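The sequence and the model come first.

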Amino acid sequence: VITPLLELATYTFVFHLIIGVQFVEGSDWSNYVLFLFCGMVTWFSVHDGLAKATTSIIDHGHLIQKVSFPAITLPGYVISSAVLNQVIRMGVLAGACLLLGQGLSWHFLLIPLVLAVQTAFVLGAGMLLATTHVYFRDTIHWVKAFLLLWMFVTPIFYPASAYPPRFGLLLNLNPLAHLVGVYRELILNQTIPHVHSMLVVV
């Protein structure tokens, strides 16, 4: 919880107070904090899950070599850990919505369904990367570079409406952008997201 809160304070200062990013014209700092934190909670879970899953088989190869051990357990447990951390941070976000925002609605009850889809998505990608890393040990370096790029091309610090029209296809094909958008629709805007967003992630 402490790490994302510290980064939240830093990003809020840089992007909102210095650069002046706003997702609603004339909105105050509390609206941007909730907007940013909702995106960061999702991003941290996906990032941690993929980064740690990539090296999970190599890091614990002795378990597979010595005993009959299901390899899927290795990326599975690190992704489960990332999801558990996300659930805890979601609790912090829910409290922040009650204190700083418009509260919560029944839409919040749909979060477990979205979380299940996200977990399946990250687990699938994580198993692919973990297998690739067994044969190509530089995979983790490419993954870290890609994750850094992925973070900035995803509307986490800024609204999706800020995307230039000529890059609209990049936004529409970005599953993380849709995932972040779904969480924001359910938690902050208290509306049902467009089914297209979930279909892209699925």
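## A buried serine

Ser45 counts as buried because its relative accessibility is 3%; buried means under 20% relative accessible area, exposed over 50%, and partly exposed in between, with a 1.4 Å probe and protein chains only. The model is predicted, so local features need pLDDT of at least 70 and side-chain atom pairs count only at pLDDT 80 or more, while totals for chains, interfaces and linings use all residues. Residues are numbered from 1 along each chain as its sequence is written, and side-chain values use heavy atoms, with hydrogens and water left out.

Ser45 belongs to helix 2; helices (H or I, at least four residues) and strands (E, at least two) are DSSP runs, numbered from the N terminus. Not counting residues up to four places away in sequence, Ser45 touches Ala82, Val83, Gln86 and Gln118, where contact means heavy atoms within 4.5 Å. Trp106 is 61 residues from Ser45 in sequence, and their C-alpha atoms are 23 Å apart.

Helix 2 has 26 residues, and its first and last C-alpha atoms are 37 Å apart, close to the expected 38 Å. The expected span is 1.5 Å times one less than the number of residues. Of the 26 residues, 22 are buried, so helix 2 is largely enclosed by the rest of the structure.

The largest nonpolar core has 50 residues, and Leu93, Phe157, Tyr183 and Ile187 touch the most other members. Such a core is a set of buried Ala, Val, Leu, Ile, Met, Phe, Trp, Tyr and Cys residues joined through side-chain atoms within 4.5 Å. Elements giving two or more residues to this core include helix 1 (2-18), helix 5 (73-100), helix 6 (111-135) and helix 7 (139-153). Helix 2 gives the most, with 15 residues. In soluble globular proteins, nonpolar side chains tend to be buried together.

## Helix 9

The buried residues pack against helix 2, helix 5, helix 6, helix 7, helix 8 (168-172) and helix 10.

Tyr183 is one of the buried residues of helix 9. Leaving aside neighbours within four places in sequence, Tyr183 is in contact with residues including Cys38, Thr42, Gln86, Met90 and Gln118. His178, also in helix 9, is buried at 9% relative accessibility. Beyond four places in sequence, His178 touches Leu171, Asn172, His196, Ser197, Val200 and Val201.

The loop between helix 9 and helix 10 holds Gln190. Its phi is near 55°, a positive value in a residue other than glycine.

## The surface

Val1, Leu5, Leu84, Val87 and Ile88 form a nonpolar patch on the surface, with about 410 Å² of accessible area together. Patches are made of residues with over 30% relative accessible area and no salt bridge; like charges are joined within 9 Å and nonpolar side chains (Val, Leu, Ile, Met, Phe, Trp, Tyr) within 5 Å. A salt bridge is a side-chain nitrogen of Lys or Arg within 4 Å of a carboxyl oxygen of Asp or Glu. Accessible areas come from the Shrake-Rupley method with a 1.4 Å probe, and for residues only the protein chains shown count as cover.

Helix 5 supplies the largest share of the patch, 3 residues. Ile88 lies in helix 5 and is partly exposed, at 42% relative accessibility.
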